[in-house]
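Hi,

Here is the structure I promised to pass on. Have a look at it first, and my notes on what turned up follow below.

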Amino acid sequence: MDNIIEGVYRFDINHGVEYEIYFNDSKSKGSVLSARVFRKLSKPQIVLPSLKYKQPNELINLIVPLSGRIERFQQFIDLFIDVCIKRDKHVYLTVVLYGEKDFKIIRRILKDLEDSYNFRKYQLIMRNKQFSRGRALHDGVIYWKGKNPNVLMFFCDVDVTFDEHFLRRCRSYTEPSKQVYYPMVFSLYNPRNVYEDGMIPSPQEQLNIGNQYGYWRIYGYGMTCQYRSDYLRVGGFDLSIRGWGSEDHKLHRMYVAKPEIRIIRAPDRSLFHHYHEKHCDPSLKWEQYRSCLGSKAKTEGTLQQIALQLFKLRDKYNDDTGSDR
């Protein structure tokens with residue numbers, strides 16, 4: 001029991017409960033073993049399949065699409081330095097930039113990263129066209145330059161925070177041709193609605209899980225770990241989609257349609273999405289526009305927090321106009 005790291009389980013209404021347990025290999029330092037246990041909906045019985053080994057130093061290609069958001073990208077790089085360069089040390093960074101006007105700034109940030117930490121495992125891809133998240137991630141997949149053509153990939157966003165424990169799960173919960181990882185991200189509410197005026201903590205101190213701080217993105221599939229060969233085999237993103245949303249849902253559904261590939265879907269306590277103001281373009285397709293508006297409304301806060309802000313606005317209006325209504 002001392003060697004167990006963690007585990008996930010899922011309930012299949014037709015078959016039973018399936019457990020996947022990960023633990024350290026006592027015979028090989030640093031290696032991780034996984035074992036799958038299945039309890040059928042019948043008299044309790046355990047089925048233990050063959051064990052599989054996962055190397056803790058497997059390279060991950062972290063792909064980040066970027067359009068504007070220079071200040072936030074610098075914060076993301078600070079996180080990358082702390083987690084990926086100083087601690088994990090086995091992550092490749094692919095930045096897919098949309099917008100020629102920001103190219104020199106982003107290139108300078110990455111060059112500073114190289115000069116300060118002797119870090120050369122990165123590439124910058126520039127696209128001077130309308131932003132498309134699916135297209136950006138797809139380009140990061142296609143233009144991979146590493147020696148291993150079937151690299152493990154992490155599709156990430158610039159507003160996401162993670163740690164080395166998530167990177168371990170990214171490696172453990174994936175397997176070529178057999179398994180992909182779709183973690184649930186904890187999305188943080190607008191800090192102006194969560195904390196008292198003037199009492200907003202630093203971004204790092206806001207990383208708390210609780211109903212008053214944010215919510216689990218149950219229907220969000222944007223962050224995922226999967227192998228390059230699996231992405232290409234299922235067909236990748238729908239590149240006809242423009243603008244915000246729905247490309248991640250379609251890719252997930254492609255994996256659902258492949259019964260030979262297991263999808264690990266579980267809340268990940270190391271994965272946070274920071275609040276940022278969202279603009280929903282009315283020219284989007286109705287399904288995308290409605291989804292964008294729904295996401296925008298939900299990230300502002302709980303119903304109670306929003307109601308308190310409305311009461312404050314009403315009281316301020318009454319004070320300014322001298323009205324008692």
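Let me start with Ala35: at 8% relative accessibility, this residue counts as buried, where buried means under 20% relative accessible area, exposed means over 50%, and partly exposed lies in between (1.4 Å probe, protein chains only). Ala35 sits in strand β3; helices (H or I, at least four residues) and strands (E, at least two) are DSSP runs, numbered from the N terminus. Its C-alpha atom is separated by 5.3 Å from that of Ile21, 14 residues apart along the chain.

Before you go further, the ground rules. This is a predicted model, with residues numbered from 1 along each chain as its sequence is written. Local features need pLDDT of at least 70 and side-chain atom pairs count only at pLDDT 80 or more, while totals for chains, interfaces and linings use all residues, and side-chain values use heavy atoms, with hydrogens and water left out.

**Domains**

The chain is assigned domain 1 (4-40) and domain 2 (60-273), with bounds that come from an automatic or database domain assignment. Taken over C-alpha atoms, the two centres are separated by 26 Å. Ten residues from domain 1 and nine residues from domain 2 make the contact, which means heavy atoms within 4.5 Å.

About 800 Å² is buried between domain 1 and domain 2, and carbon and sulfur atoms give 43% of that. Buried area here is the accessible area (1.4 Å probe) that two parts lose on being put together, summed over both. On the domain 1 side, Glu6, Val8 and Tyr22 lose the most area to domain 2, together 53% of what that side buries.

**What crosses the interface**

The rule finds four salt bridges across the interface of domain 1 and domain 2, a salt bridge being a side-chain nitrogen of Lys or Arg within 4 Å of a carboxyl oxygen of Asp or Glu. Five residue pairs across that interface are in polar contact (both at pLDDT 80 or more). A polar contact is a pair of N or O atoms within 3.5 Å; within protein, one must be able to donate a hydrogen and the other to accept it, and residues adjacent in sequence count only if both atoms are side-chain atoms.

On the side of domain 1 that touches domain 2, β1, β2 (16-24) and β3 (32-40) each supply at least two residues. β1 gives the most to that side, with five residues. The residues there divide into four nonpolar, one polar and five charged; Ala, Val, Leu, Ile, Met, Phe, Trp, Tyr, Cys and Pro count as nonpolar, Asp, Glu, Lys and Arg as charged, and the others, Gly among them, as polar.

**Salt bridges**

The count comes to 23 salt bridges. One of them pairs Arg168 with Glu6, with the closest N and O atoms 3.0 Å apart. That pair links distant parts of the chain, 162 residues apart: Arg168 is in helix α4 (residues 164-172) and Glu6 in strand β1 (residues 4-12). Arg168 is partly exposed at 24% relative accessibility, whereas Glu6 is buried at 19%. Glu6 also meets Arg169 in a salt bridge (3.1 Å, N to O).

Lys178 and Glu175 form another (3.8 Å, N to O), with Glu175 buried at 15% relative accessible area and Lys178 partly exposed at 48%. Elsewhere, salt bridges that share partners join Glu6, Arg168, Arg169 and Asp268 into one network.

Cheers
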